[in-house]
Amino acid sequence: MDLGLTGKVAIVGGGSDGLGFAIADRLLSEGALVTIFARRAQKVSDAAERLGSKHGRERVLGLAADCSDAADIDRVTASTVDRFGPAVHVLVTNDGGPPIGRIDELTDEIWMQALARHFFYVVRSVRATLPYLKSDGGSILNVVSSVVQRPAIGMAASTAVWSAVVGYAQTLALEVGEHDITVNTLMSGFFDTPLLGKALDRQPELSKAGLGSGVPMGRIGRPAEFADLVATLVSPNSRFVTGLVAPIDGGAGIGLSGSLTRARRAKD
């Protein structure tokens with residue numbers, strides 16, 4: 001099915017690997033023109049080269065930028081319209097996660113960093129791109145963690161700042177709907193990404209198989225599966241879907257029903 005994304009301009013945060021890279025790849029496969037950005041210049045350059053060699057280098061712009069820096073966010077938007085023209089049709093906000101730590105371990109500095117990198121990143125990205133989104137209508141999609149729905153020990157910073165993103169996004173959906181702009185938020189469960197790999201390296205008692213055994217689908221997700229849904233939600237075909245806050249977690253948010261046998265087998 002043609003999603004109607006050919007020639008549409010998209011900005012994807014955290015696009016050098018993981019979910020962001022998969023989303024950029026999927027949008028490009030639908031004919032979009034895509035800017036990706038992330039903090040590490042070499043990783044962004046390598047990712048843009050991979051995407052460009054597959055989809056056409058003229059359709060990909062890779063930028064080194066820090067999502068917690070307001071000037072960098074403005075530069076990403078300005079560079080995008082300079083490269084692809086005076087309209088942005090898709091904004092995907094996506095970036096790692098705050099440090100893991102119990103509440104009594106979280107300093108003011110950690111809290112401020114989390115707010116800058118994950119809440120104000122969204123606010124600033126929307127502020128920078130909204131004038132260009134209003135020209136043709138479009139879609140804003142925020143990627144947050146499923147801890148918004150299911151808090152966990154050590155994840156207070158993530159739960160707090162991404163809950164703020166959800167509240168902001170739903171209010172934004174009310175305000176920009178008249179401009180034919182949709183605003184949706186996806187809550188990511190466990191996906192096979194470099195970020196998850198780093199987390200598992202720090203917690204050797206956990207494994208991908210073990211995490212998957214606690215999911216009704218019996219496994220963790222593939223980034224391409226997440227990207228498929230993103231492409232559908234940001235397409236013109238989904239223009240009546242807005243204000244959505246949905247878990248993409250293989251059913252883990254429902255409960256453990258259907259996975260207990262697998263969990264027992266994994267334990268044995």
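Q: Among contacts between residues at least 6 apart in sequence, what percentage joins residues at least 24 apart in the protein chain?
A: A contact here means heavy atoms within 4.5 Å. Of the contacts in the protein chain between residues at least 6 apart in sequence, 77% join residues at least 24 apart. This is a predicted model, in which local features need pLDDT of at least 70 and side-chain atom pairs count only at pLDDT 80 or more, while totals for chains, interfaces and linings use all residues. Residues are numbered from 1 along each chain as its sequence is written, and side-chain values use heavy atoms, with hydrogens and water left out.

Q: In what order do the strands form the sheet, and which are the edge strands?
A: Strands of a sheet pair through backbone hydrogen bonds, either parallel or antiparallel. In this structure, seven strands form an open sheet with parallel pairing, in the order β3-β2-β1-β4-β5-β6-β7, where strands are DSSP runs (E, at least two residues; for helices, H or I, at least four) numbered from the N terminus, and two strands pair if DSSP finds at least two bridges between them. The edge strands, each pairing on one side only, are β3 and β7 (245–248).

Q: How many bridges join β1 to strand β4?
A: Strands β1 and β4 (residues 90–93) run parallel and are joined by three bridges; in β4, L91 is the bridge partner of I11.

Q: Where does helix α2 lie, and at what angle does it run to β3?
A: Angles run from 0 to 180 degrees between N-to-C directions, the axes being lines fitted to C-alpha atoms, for helices over the stretch in contact. Helix α2 (residues 41–55) lies across β2 and β3, and runs at about 175° to β3.

Q: How many residues does the largest nonpolar core have, and which of them have the most contacts inside it?
A: In soluble globular proteins, nonpolar side chains tend to be buried together. A nonpolar core is a set of buried Ala, Val, Leu, Ile, Met, Phe, Trp, Tyr and Cys residues joined through side-chain atoms within 4.5 Å, with buried meaning under 20% relative accessible area (1.4 Å probe, protein chains only). The largest such core has 35 residues, and F37, V126, I140 and V183 have the most contacts inside it. Helix α4 gives the most to this core, with eight residues. Leaving out residues up to four places away in sequence, V126 touches L91, I140, Y168 and L172. Apart from this core lies another, of 34 residues, including F21, I23, A32 and L186.

Terms used:
Buried means under 20% relative accessible area, exposed over 50%, partly exposed in between (1.4 Å probe, protein chains only).
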